[in-house]
Amino acid sequence: MDQAIYFVIVAACVLALAYRFYGIFFVRKVLATDDRDSTPSHQLQDGRNYVPTKKWVNAGQHFAAIAAAGPLVGPVLAAQFGYLPGFLWLLIGAVVGGAVHDTVVLFASMKHQGKSLSEVAKAELGPVAGWSTGLAMLFIITITMAGLSIVVVHALERNAWGTFAVFMTVPIAIALGLYERYVGASKWTTYAGVAAVIASVAVGPHLQGTLLGDWLTLHKTTVCWLLPIYAFFATALPVWLLLTPRGYLSSFMKIGVFAALIVGVVFVNPTIQFPALSDFINGGGPIIKGSVWPFISITIACGAISGFHAFIGSGTTPKLIDKWSDIHPVAFGGMLAECLVGVMALVAATSLHPADYFAINSSPEVFKTLGMQVVDLPQLSEKMGIDLYGRTGGAVTLAVGMTYIFTKISWFSDLAAYFFQFVIMFEAVFILTAVDSGTRVSRYLIQDLLGDFFPAMKRLDSVPAAIVASVIACALWGYLLLSGDISSVWALFGVSNQLMASVGLMIGATIILRLSAKRAYVLTCLIPLAYLFVTVNYAGYWMISNVYLNAAGKGYNLFNAAMASTMMVLGFIILFASLKRWAVLWKARGESSAIPPALTTACAV
């Protein structure tokens, strides 16, 4: 199976069958949804937050919210192990774990009037578990921002063209926001915004050799400082001025790049040059130091199962669901669609020659120790007008892989550099949009936590409170960004993200055990939970003992060790609370066909 089209066909068939059969079984039988029951969007309809929305419109916004950089970057980094581990984990993880997690979290939130996962945990598992879940959410947001930002760093360092294109999206978005705020929305302003973004890419080549080009050729450390500074202003400014219009513009680039991925893989049908299993499956790789297990499930998070999705599934989406059956296409279908994006990213990476891949994703000093000789990379560097060596992080590799696929078309060679920079800009802007939103969420969480000690901090309309919380939020993930490399920070992101997914499955198991017709249905959550919890805790232990506390290693970092340890402790606290609750529910279900009213009341919001 060395042709890309076979991967696409297999993935599409598996995901379609899972959607049609397992998805319907899970939503109709396990969760026992009933469209005769009213949803929170109808019960609490206010025209602002709770709004009944058509299922395919809702599915589109939900997919746009969950499909961030994770399904693009994770599979690229995991290609170190060969194409087979990543391909299998994407399909199995998404069907058995990710789709179940996203669906049951959305269902649980809707059963609690669309409230956040921490509030659901407090109601289902008790105040200690609820507080621990809230704190875990703050940790994952902080680590996620660092993990995503480091991808942007390696895409923009020493890249004046890309830096200029990304920088220009800020004034373009602000202009769009101001126009729509004071004049009104118009399709022509959208056309103008998209055209201006494309023009920014077209101007790029003319910067080479100019003073502006020299200024924008930034060192890695400089970019690391600029990103949290930018995030502070993006977080403190009104959402309509920068965050919303730039997210709107990035959605067009998202559609364009996803469409290009599909077109390139299906119609060009490149050859997969990677082996099924590489020499690094037992560890010691230049990108990921650990072995294929547990790190395949840590490196590939969002394309298979992601705790970050719980923020969306217990945030905006549960307040928009029109009918209970809409959970199937929105949550279950959305996760499977993201899995397909991850498969496409894996194909793009593995279509490169392994030596070229490792030359991009490891430092020149490390690459020399591998004993490999690059094949197509010198020609690709020349066509794209940029030095591609040592650009770790996954974003550049994906852009190179996509561009390499399209260079199989003769007339495309002259456009290779523009296409490459467009993909770089897409990834950077897309990630920065997530950083904007994530840092703002982090700011709200910090204000809420500090508000228990300083009541004035709880006021979201307070400018001083917003500034203090924004500084703290940016400083936390900014420190992680400055102090780590892609292997350590991305692994930390994976550990925290998958621990959060474990928490979502724990709450899901509690809901199913309390409400489902059969106790055996709880296995739909317990099976992926058992694998994920063991995997993530072993990965966390390995990273702490071999990387973060290894004084002789490059990744030595006490702060990272403390973050990982705290996340793991929080996970065990929530697990113990869950086990205690499950024991009560299991006994009650065994003694009667229905849970005693006292238990039901105790769980109600």
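Reader: How many nonpolar, polar and charged residues are in the lining of the second largest cavity?

Author: Rolling a probe the size of a water molecule over the atoms shows where empty space is left. In this structure, which is a predicted model, the lining of the second largest cavity divides into seven nonpolar residues, one polar residue and no charged residues. The residues in question are Ala136, Leu499, Met500, Val503, Met567, Leu570, Gly571 and Ile574, and the volume that they line is about 30 Å³. Helix 22 (486-515) and helix 24 (558-591) each supply at least two residues of this lining, with the largest share, four residues, coming from helix 24.

Reader: How many cavities of 30 Å³ or more does a search of the whole structure find?

Author: The search finds two cavities of 30 Å³ or more. Pockets are a separate matter, and the largest pocket holds about 1,900 Å³ of space.

Reader: Which residues lie nearest the centre of the largest pocket, and how many residues line it?

Author: The lining of the largest pocket is made of 47 residues, and those nearest its centre are Phe311, Ile312, Gly315, Thr316 and Val441. Several elements give two or more residues to this lining, among them helix 3 (55-66), helix 7 (127-156) and helix 12 (243-268), while the largest share, 11 residues, is that of helix 20. By class, the lining of the largest pocket comprises 21 nonpolar, 16 polar and 10 charged residues.

Reader: At what angle do helix 11 and helix 20 pack, and how far apart are their axes?

Author: Two packed helices are described by the angle between their axes and the distance between the axes. Here helix 11 (residues 220-236) packs against helix 20 (residues 416-451) at an angle of about 65 degrees, with 9 Å between the axes, and the crossing is right-handed. On the side of helix 11 the contact is made by Leu227, Tyr230, Ala231, Ala234, Thr235 and Ala236, and on the side of helix 20 by Leu432, Val435, Asp436, Thr439, Arg440 and Arg443. Sorted by class, this contact has seven nonpolar, two polar and three charged residues.

Reader: How many helices and strands does the chain have?

Author: The chain has 25 helices and zero strands. Its radius of gyration is 23 Å, close to the 25 Å that the globule rule gives for 605 residues, so the chain is as compact as a globular protein of that length. Along its principal axes, the C-alpha trace spans about 75 × 55 × 50 Å.

Note on methods. Residues numbered from 1 in each chain as written. Predicted model: local features only at pLDDT ≥ 70, side-chain atom pairs only at ≥ 80, totals over all residues. Heavy atoms only, no water. Axes fitted to C-alpha atoms, helices over the stretch in contact; angles between N-to-C directions. Left-handed = near helix turned anticlockwise from the far one by under 90°. Contact = heavy atoms within 4.5 Å. Nonpolar A, V, L, I, M, F, W, Y, C, P; charged D, E, K, R; others polar. 1 Å grid on protein atoms, 1.4 Å probe; cavity = no way out; pocket = protein on both sides within 12 Å on 5 of 7 lines; lining within 4 Å. Points joined across faces, edges and corners; volume = space filled by probe spheres on them. Rg over C-alpha atoms; globule rule 2.2 N^0.38 Å.
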